Amino acid sequence: MADATAGVAVSVPRMLQSSFVGEDTGVLMKIRDVVDKKCMGYQMFEPDCSPPTSSADSGVSSLLVDDADAKFARWSRQLVHAQGVVLVKSKDYLQQAAIRSSQIWKEAQAILLRLVVDPAFQAYALDPEALHQGPNDLRAWLLDDELRVNIEVWQADLKSRGCDVVPETPSHMLADFVREGKLRTATDFEILAKQLQEYVHPLDALLLLATSIEFGDAHVTELCERTFLANFSLLNFHDLPKINDHACLLKLFDSDELEATEDSVFNAISVYVAGKEQLTPFQVEQTWSTCRFAFLSARNLMLVAGMQHMPFRWVVLGAARARFAGTEGEDQFLRQMEAEAGVHARRFRPRLCCRHKEEGSDDVNSAISNFQPQQEPNIRALAAAAGTPPPPCFTGLLRAKVVGIDLPKQMLEDGSLNFAEPVLSSPRHRLEQPRSWEQHPQQQQQRQQQQQHQ
């Protein structure tokens, strides 16, 4: 028997998002029932009826705040795919809309902006206590093709409560549309990008940097680079591999203006080179060269000992820079590096955000003093995973970095530092102590005098 629906075009329903407080769940369920069953061509998204939480509420645990963020993220993704929205504008709703960073406040921000950028976006505000604003009235508006009803009053109510679009809202919406694959051309991207208020949120910056480079939007690229440098620790590093302009990232990682500790830079580079499979070994080494190894903690320098395609020259010179710190030879070393490395000699100086620290209290020493051996990865496993053993000198360089620090000395004695084991072809005595004559200052002095006499 032939299928009765064969040859009949199946229309895709227009999806409606909803915005309401938990107290109005019953009202929303009635509205949804009427729309789904009696409004042909329309369907509402499944509402999230979990109790509303807000980072602005007092006494809210971090777990609940995370839940609130996840709830809003789900709602935002649905809004991207929606062609309209239904608002249940009760007294409780308006009260929540006045609380900055509440779920309703965020939803209202997103809807306000969507109304600006999308002239065809449908919107309907229903007051449960007002006449002629019930589910069947909504049905009549939809069937009569009314575009927006009661929205101007809703906008005025929000404005009177101080709920205006803040700079982070256009940034988040632009990123949501990119992630959901809704912006396929440079023109589509530009329409939303025009709403940016000279600001890109850190969580959106890397994704929008990748997209703006793809579409050739120089202004958005500049905004993203500004956020990259100023709010590095807040970036979503999982988006780093999406960036296809390798030279752009090298410039940012190498910048003196980067507001970050060197360990943070190390972690970001690790994510980038691991996720960007098409990078050549030379490009991987290029990227690692932007890390200022002189100011890297012992914890991460241990990881370097088991990694491939590392810039050997910069690692060695970085270790030398750390050894010269606070000595008479420091200035001479820096002058020599400026002569040899030119502009890249900046890699032997702390980034600008760290230069206010007192001499001798740089990132290296502070990180080493906070070194926790029980939290360290097994370097033997790292070396095995690398496929080939690292240069033997790397372990010696790390030993040089921790010399004079009490905690690493203790770790050498109790075996906490796995890199000192024979697995890296570095017998323990090579790392634990200098050669015998160097342990006796008088013998060392006599030896130096003999060399000068000869």
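These legends describe close-up views of a predicted model. Local features need pLDDT of at least 70, side-chain atom pairs count only at pLDDT 80 or more, and totals for chains, interfaces and linings use all residues. Residues are numbered from 1 along each chain as its sequence is written, and side-chain values use heavy atoms, with hydrogens and water left out.

**View A. Strand β4 and its pairing partners β3 and β5**. Helices (H or I, at least four residues) and strands (E, at least two) are DSSP runs, numbered from the N terminus. In β4 (residues 122–126), five of five residues are buried, meaning under 20% relative accessible area with a 1.4 Å probe, protein chains only (exposed is over 50%, partly exposed in between). Gln122, Tyr124 and Leu126 point one way; Ala123 and Ala125 point the other. Pairing requires at least two DSSP bridges between strands. β3 (residues 84–88) runs parallel to β4 over five bridges. Val86 stands opposite Tyr124. β5 (residues 148–149) is also parallel to β4, joined by two bridges. Val149 is the β5 bridge partner of Tyr124.

**View B. Ile269 in helix α12**. The helix covers residues 262–275. Ile269 counts as buried because its relative accessibility is 0%. Contact means heavy atoms within 4.5 Å. Leaving out residues up to four places away in sequence, Ile269 touches Phe253, Thr287, Trp288, Thr290 and Cys291. Ile269 and Thr290 lie 21 residues apart in sequence and 9.1 Å apart in space, C-alpha to C-alpha.

**View C. Helix α15 and the glycine that follows**. Buried residues of α15 include Trp314, Leu317 and Arg321. Gly326 follows the helix with a positive phi, near 80°.
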